[in-house]
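These are my notebook entries on a structure that is new to me. I record each item as I looked it up.

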Amino acid sequence: MSQASPRRGGRPPILTPERVVTAAVEVLDADGLDALTMRRVGAQLGVAAMSLYRHVPNRDALLTEVVNHLFAEALVELPPGEPWPAALTRFASAYRRTLLAHPHAVPLLATHPVDIDTGLSLMTPLLERFADAGVDRADALTAIQSVGVYVLGHALAQVGTPPGAPAPEHSPEAAAYYDGWFEAGLHAMVSGFEHRLGAGRAR
């Protein structure tokens, strides 16, 4: 387990909510969810854990901020005029890349949903693509949430291991297998929603 040593001497670092969340993600990536404590994040920043409470009230709030941060990291800019099926596919692929880049975060995102207001705000460009095609907002949210759950479940299958089990082998063959599986499932899901919602329906 890696652990940063608290700073000695000199001025204490200037803390911001963004720096606290960034440090929390670093701890999560290095040592896993169980290691993500206020004390450990404080050590990562070189400060006492009590200093963090000015920016996040408790560990649960910190976990919420980490989830929101990682979800925001997964969102990509959508090309102008891209139809919603392509935009939804782009979102799903970007979300999966983020999850695989932060494998220890996958169980966290699977059990701690993104804050509703934050999620809706971040997904506004994607929701607008559905609206442009005349798709009802409730139907659009169903499609996005369903695909998001699929991405999370697939990532959990790829990176998750039972307690005490060895880490999975990440051979090129295994990666290619998971890539193919993901693409096939995603295509089937998006195509199903496209058939159901009518991607080409104009307002």
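Entry 1, helix α9. I began with the buried residues of α9, which are Tyr178, Phe182, Leu186, Val190, Phe193 and Leu197. I note that the model is a predicted one. I then looked up the partners of these buried residues and found that they pack against α4, α7 (124-132) and α8. Next I checked the length of α9, which covers residues 172-197. Its 26 residues should span 38 Å at 1.5 Å a residue, and the end C-alpha atoms are 37 Å apart, so the two values agree. Just after α9, I found Gly198 with a positive phi of about 75°.

I located Ser93 in helix α4, residues 84-101. Is Ser93 buried or exposed? Its relative accessible area is 18%, and because the cut-off for buried is under 20%, Ser93 counts as buried. Leaving out residues up to four places away in sequence, I listed its contacts as Phe182, Glu183 and Leu186.

I read α8 as residues 137-159, 23 residues in total. From first C-alpha to last it reaches 33 Å, close to the 33 Å expected. At its N-terminal end I found Asp136 as a cap, with a side-chain oxygen 2.9 Å from the backbone nitrogen of Ala138.

I found Val20 in helix α1, residues 17-31. Val20 is buried, at 0% relative accessibility. Apart from residues up to four places away in sequence, Val20 touches Val41, Leu45, Leu52, His55, Val56 and Leu62. I also noted that Val20 and Glu65 are 45 residues apart in sequence, with their C-alpha atoms 9.5 Å apart in space.

How values were computed: Residues numbered from 1 in each chain as written. Predicted model: local features only at pLDDT ≥ 70, side-chain atom pairs only at ≥ 80, totals over all residues. Heavy atoms only, no water. Helix = DSSP H or I, 4+ residues; strand = E, 2+ residues; numbered from the N terminus. Expected span 1.5 Å × (residues − 1). Polar contact = N/O pair within 3.5 Å; in protein donor to acceptor, adjacent residues only side chain to side chain. Buried < 20%, exposed > 50% of the residue type's maximum accessible area, 1.4 Å probe, protein only. Contact = heavy atoms within 4.5 Å.
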